[in-house]
Amino acid sequence: MAFITSLIAVVMAFFIFFVRMKASEKPTNAKKIILPPLFMSTGALMFIDPVFRVTRGELIEAVILGLFFSLFLIKTSKFEIRGSDIYLKRSKSFIWILLGLIVIRLGLKTYLGRTIDYRQLSGMFYLLAFSMIVPWRIAMYVSYRKLAAQLKPPVLT
């Protein structure tokens, strides 16, 4: 089971990388930035089942680690104006950060999997990912809005 879930995580990381590379070829908008965390939030339904619930300490650890990891994603997500549109800039360090995050995730999973039930561990990693993605996307949205304001013509009064 651990091998399969680890393989899925690696495949998802590569999928994220390719989606990110494609995203830099097309203009972005607020909807493309905001919707992924909203869609991901449905994963919280896993906590309806008690086997996925985590302790308060595990919750705090997962959220703090997610917030820490979000800093790296925020740092590598920049926008640029091309013509009359806003594009996500390609970042050479993004793939390395993504690979680093997946290696850390696999290491944590191996280490923590010895003492924490894999279902609780799934809950922890969901919380970690959600705590990483939400601040990242909020920062992206704020950055996007600043550039979008530059694109609007000034209002003459």
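Which hand does the crossing of H4 and H5 have? I looked it up and found it right-handed, the term for a near helix turned clockwise from the far one by less than a right angle, with left-handed for anticlockwise.

Notes on the source. I am working with a predicted model, in which local features need pLDDT of at least 70 and side-chain atom pairs count only at pLDDT 80 or more, while totals for chains, interfaces and linings use all residues. Residues are numbered from 1 along each chain as its sequence is written, and side-chain values use heavy atoms, with hydrogens and water left out.

Entry on H4 and H5. I took helices (H or I, at least four residues) and strands (E, at least two) as DSSP runs, numbered from the N terminus. H4 and H5 pack at about 155 degrees, and their axes are 11 Å apart; axes are lines fitted to C-alpha atoms, for helices over the stretch in contact, and angles run from 0 to 180 degrees between N-to-C directions. H4 is therefore roughly antiparallel to H5 (over 145 degrees; under 35 is roughly parallel, 65 to 115 roughly perpendicular, the rest oblique). From H4, Phe 94, Leu 101, Arg 105, Leu 108, Lys 109 and Leu 112 meet Leu 121, Phe 125, Met 132 and Trp 136 of H5 (contact means heavy atoms within 4.5 Å). I sorted these contact residues into eight nonpolar, no polar and two charged (Ala, Val, Leu, Ile, Met, Phe, Trp, Tyr, Cys and Pro are nonpolar; Asp, Glu, Lys and Arg charged; the others, Gly among them, polar).

Entry on H2 and H5. Helix H2 (residues 30–40) packs on helix H5 (residues 118–151) at about 165 degrees, with axes 9 Å apart, so H2 is roughly antiparallel to H5. I noted a left-handed crossing here. The H2 side of the contact includes Ile 33 and Pro 36, and the H5 side includes Phe 130 and Tyr 144. I sorted the residues of this contact into 14 nonpolar, no polar and two charged.

Entry on the core. The largest nonpolar core has 34 residues (buried Ala, Val, Leu, Ile, Met, Phe, Trp, Tyr and Cys joined through side-chain atoms within 4.5 Å). Leu 73, Phe 79 and Tyr 144 have the most contacts inside this core. H5 gives the most to it, with 13 residues.

Entry on Thr 28. I located Thr 28 in the loop between H1 and H2. Thr 28 counts as buried because its relative accessibility is 15% (buried is under 20% relative accessible area, exposed over 50%, partly exposed in between; 1.4 Å probe, protein chains only). Leaving out residues up to four places away in sequence, Thr 28 touches Ile 33, Phe 79, Ile 86 and Tyr 144.
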